[in-house]
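Hi everyone, and thanks for coming. Today I'd like to walk you through one chain, going from the whole picture to a few single residues. Have a look at it first.

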Amino acid sequence: QVQLVESGGGLVQPGGSLRLSCAASGIIFSHYVMGWYRQGPGKQRELVARIRRFGSTTSADSVKGRFTISRDNAKNMVYLQMNSLKPEDTAVYYCHAAYFGTSPEYWGQGTQVTVSS
C-alpha cells in the first residue's frame with residue numbers, strides 16, 4: 001500500500017513561515033521524483049516545487065526565493081519550507097510522487113495552509 005501523508009499545515013500570518021512535511025511509505029522512496037502542488041479555491045492545481053532523486057529542484061516563479069523543497073531519502077521524507085508567506089499562498093498543498101519522474105504516480109490527501117491576519 002502506497003501512502004503519502006502531509007503534515008504541518010495551518011493558519012499563519014502574512015510574512016510568517018511554515019514547514020510542510022510528507023511521509024512516504026510503500027515505495028522505494030529514492031526512486032521517485034517528489035513534488036509539492038497546491039490548489040486554491042476556484043483555481044487549478046499548480047506545481048509549487050519538485051525535487052529529483054538526488055536533489056536538483058524546480059520551483060514556480062511565484063515562490064522562488066521564498067519556498068525551498070528538500071528531501072531525506074534515508075527517512076522517506078520530503079519537506080517544503082515556506083517563508084515570507086502571502087495571502088495568495090492560501091491553498092491545499094499536496095505531496096506528489098512520480099516513479100523516476102514518470103509513472104506510476106501518487107498523491108497525498110492534502111494539507112490546508114491559510115495565510116491571513
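Let's begin with charge. The chain carries 12 positive and 7 negative side chains, and the centres of the two sets are 5 Å apart. Here Lys and Arg count as positive, Asp and Glu as negative, while His and the chain ends are not counted. Each charge is placed at NZ of Lys, CZ of Arg, CG of Asp or CD of Glu.

A word on where this comes from. This is a predicted model, in which local features need pLDDT of at least 70 and side-chain atom pairs count only at pLDDT 80 or more, while totals for chains, interfaces and linings use all residues. Residues are numbered from 1 along each chain as its sequence is written, and side-chain values use heavy atoms, leaving out hydrogens and water.

Now the overall build. How many helices and strands are there in the chain? Zero helices and eleven strands. Both are DSSP runs numbered from the N terminus: helices are H or I with at least four residues, strands are E with at least two.

What about size? The C-alpha trace spans about 40 × 25 × 25 Å along its principal axes. With 117 residues, a compact globule would have a radius of gyration near 13 Å, and the chain's 13 Å agrees with that. That radius is taken over C-alpha atoms, and the globule rule is 2.2 Å times the number of residues to the power 0.38.

Of the 117 residues, 40% count as buried. Buried means under 20% relative accessible area, exposed means over 50%, and partly exposed is in between, with a 1.4 Å probe and protein chains only.

Contacts come next, and a contact means heavy atoms within 4.5 Å. Among those between residues at least 6 apart in sequence, 56% join residues at least 24 apart.

Is Thr111 buried or exposed? Thr111 counts as buried, because its relative accessibility is 11%. Leaving aside neighbours within four places in sequence, its contacts include Glu6, Ser7, Leu20 and Tyr93. The Thr111 side chain also reaches the backbone nitrogen of Gly9 at 3.3 Å.

Thr114 counts as partly exposed because its relative accessibility is 27%. Which residues does Thr114 touch, not counting those up to four places away in sequence? They are Gly10, Leu11, Val12 and Thr90. Gly10 is 104 residues away along the chain, yet the two C-alpha atoms are separated by 6.1 Å. The side chains of Thr114 and Gln112 are joined by a polar contact of 3.3 Å. A polar contact is a pair of N or O atoms within 3.5 Å; within protein, one must be able to donate a hydrogen and the other to accept it, and residues adjacent in sequence count only if both atoms are side-chain atoms.

Finally, the loops. Between strand S9 (91–99) and strand S10 (105–107) we find Pro104. A cis peptide bond joins Ser103 and Pro104, with omega about 0°. Phe100 is in the loop between S9 and S10 as well. Phe100 has a positive phi of about 50° although it is not a glycine, and at 39% relative accessibility it counts as partly exposed.

Asn76 sits in the loop between strand S7 (67–72) and strand S8 (77–82). Its phi is near 55°, again a positive value in a residue other than glycine.
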